[in-house]
Amino acid sequence: MKLAVIGTGYVGLVTGVGFAEMGHHVTCIDVDKAKIAKLSAGQPTIYEPGLEELMKRNQKEGRLSFSGSYEAAVESEASFIAVGTPPGEDGSADLTYVLKAAASIGDELTKASKDNPLPPKLVINKSTVPVGTAHKVKEAVASVYSGAFEVVSNPEFLREGTAVGDVLKPDRVVIGIQTKEAEAKMRELYRPFETTILVTDPTSAELIKYASNSLLATEISFINLLSRLAAKTGADITQVAAGIKLDKRIGPNAFLSAGPGYGGSCFPKDVQALAKTLAEYQVDTTFLDAVEQVNADQRVMVAELANELLKDTDNPRVALWGLAFKANTDDVRMSPALDIARLLMRRKDIHIIGYDPEAEVTTRAALPELKLADSSEEAIAGADLLLILTDWSEFKQPDLAVMAKKMRSPRIVDARNLYDPAEARAAGFEYRSIGRA
Ligand code: NAD
């Protein structure tokens, strides 16, 4: 099928590449001309493992192209909307970009159908949007285009860091449709993918996405809350989590990793947006408010652990390992690492130097005042404290004794529980982690 994908961010780009890999002909469209120029030259604009090779191959084989114009929406049977839905000032999802993209599709279809009517089109929403958005997208297109089209809700569940695999082999595909014709087209589109397809109405599809992310965020806040009890009672939160996951009703993939709290461009905004929708319909928000509060407090708790270890040190030097909101991505949006860096910077005599294997460019844009090192070793040289904030695999098995010698005072706050506390202490570190003695 010929497809257009609007928006070339984490979702749009990987989705476009994934559909091309499955044999469809895809044009990815973005209003950001610099991104289109870079992508057309075969350079990915984000870091995502495995993406570059797949992108280049599909470009070379003629199934994938990039454009700054919406023209491709005319030829395409389906146009995916995969633009951002950032939180508005009150926390509700800002639909400006989605509705603008919808209107731009409509404009282009209108121009092209002046003389000859076009065959029916699908406008498929992949962005994460509140209930009722399918209807708004329909209105946005219909306000400029009078031809036949249907709006489909097809939320995306990919995770940054494993996005390529998640798109090529999704756990499930949710399709919110209103007609059998749209269902048949969507099934055809996803035929090359081996996955479970759930067909629902558009509103349920929209809600499934927010419900999934909010439940995952709840698991994280739940285990983080318990980690505080574990720290006070001498229990080990990693063992507690291992015990919970053996329950088949919960399972080994439950999101029960205690740490600095969830971040990224999805969980924080999606929990907030769902809370806003609940409030709008006069449904109690207590539950999600607590999830958010625990998450905010967790960042403060990590910063306090660091401050506690540094209380007798003047002009302390602190190394931060990991700035991305999680491993295997360059995304620092709502990253706990940057929030914790900001909290530490409140101390006037502190010198902080950060390091991340992939998030240098994004960090420079988000927090220009943070000094960056070129390597993990450079960051810890002469430091009084190392704070580990992202679980990159390159941080997982260092020679702790060598590390301790490089630092001025060997101290670690391990907010990702990467090391064995006994080993770290045996190597000479004063060591704190999350929910473990
Ligand atoms: P992003 O910010 O990385 O990318 C959005 C892109 O859309 C940008 O390149 C921007 O230039 C482009 N854009 C904005 N307005 C446009 C317009 N009118 N026409 C064409 N292009 C336009 O966003 P993202 O992280 O890819 O997220 C996109 C959506 O998918 C959001 O709703 C998000 O919640 C959802 N989502 C994200 C993830 C994730 O892990 N990032 C996972 C699942 C779902």
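Start at lysine 35: an N or O atom in its side chain sits 2.6 Å from an oxygen atom of the ligand. That is a polar contact, meaning a pair of N or O atoms within 3.5 Å. Within protein, one atom must be able to donate a hydrogen and the other to accept it, and residues adjacent in sequence count only if both atoms are side-chain atoms.

A word on the source. This is a predicted model, with local features needing pLDDT of at least 70 and side-chain atom pairs counting only at pLDDT 80 or more, while totals for chains, interfaces and linings use all residues. Residues are numbered from 1 along each chain as its sequence is written, and side-chain values use heavy atoms, with hydrogens and water left out.

Aspartate 30 has a polar side-chain atom 2.6 Å from a ligand oxygen. Threonine 85 also places a polar side-chain atom 2.6 Å from an oxygen of the ligand. On its own the ligand has 830 Å² of accessible area, and the protein covers 90% of that (Shrake-Rupley, 1.4 Å probe).

Now the shell. There are 27 residues around the ligand, each with a heavy atom within 4 Å. Asp30, Lys35, Tyr70, Thr85 and Lys269 come nearest. By class, eleven are nonpolar, eight polar and eight charged. Helices α1 (10-21) and α5 (96-112) each supply at least two shell residues. Helices are DSSP runs, H or I, of at least four residues, numbered from the N terminus.

What angle do α1 and α3 (residues 51-60) make? About 55 degrees, with axes 10 Å apart.

Key
Nonpolar A, V, L, I, M, F, W, Y, C, P; charged D, E, K, R; others polar. Axes fitted to C-alpha atoms, helices over the stretch in contact; angles between N-to-C directions.
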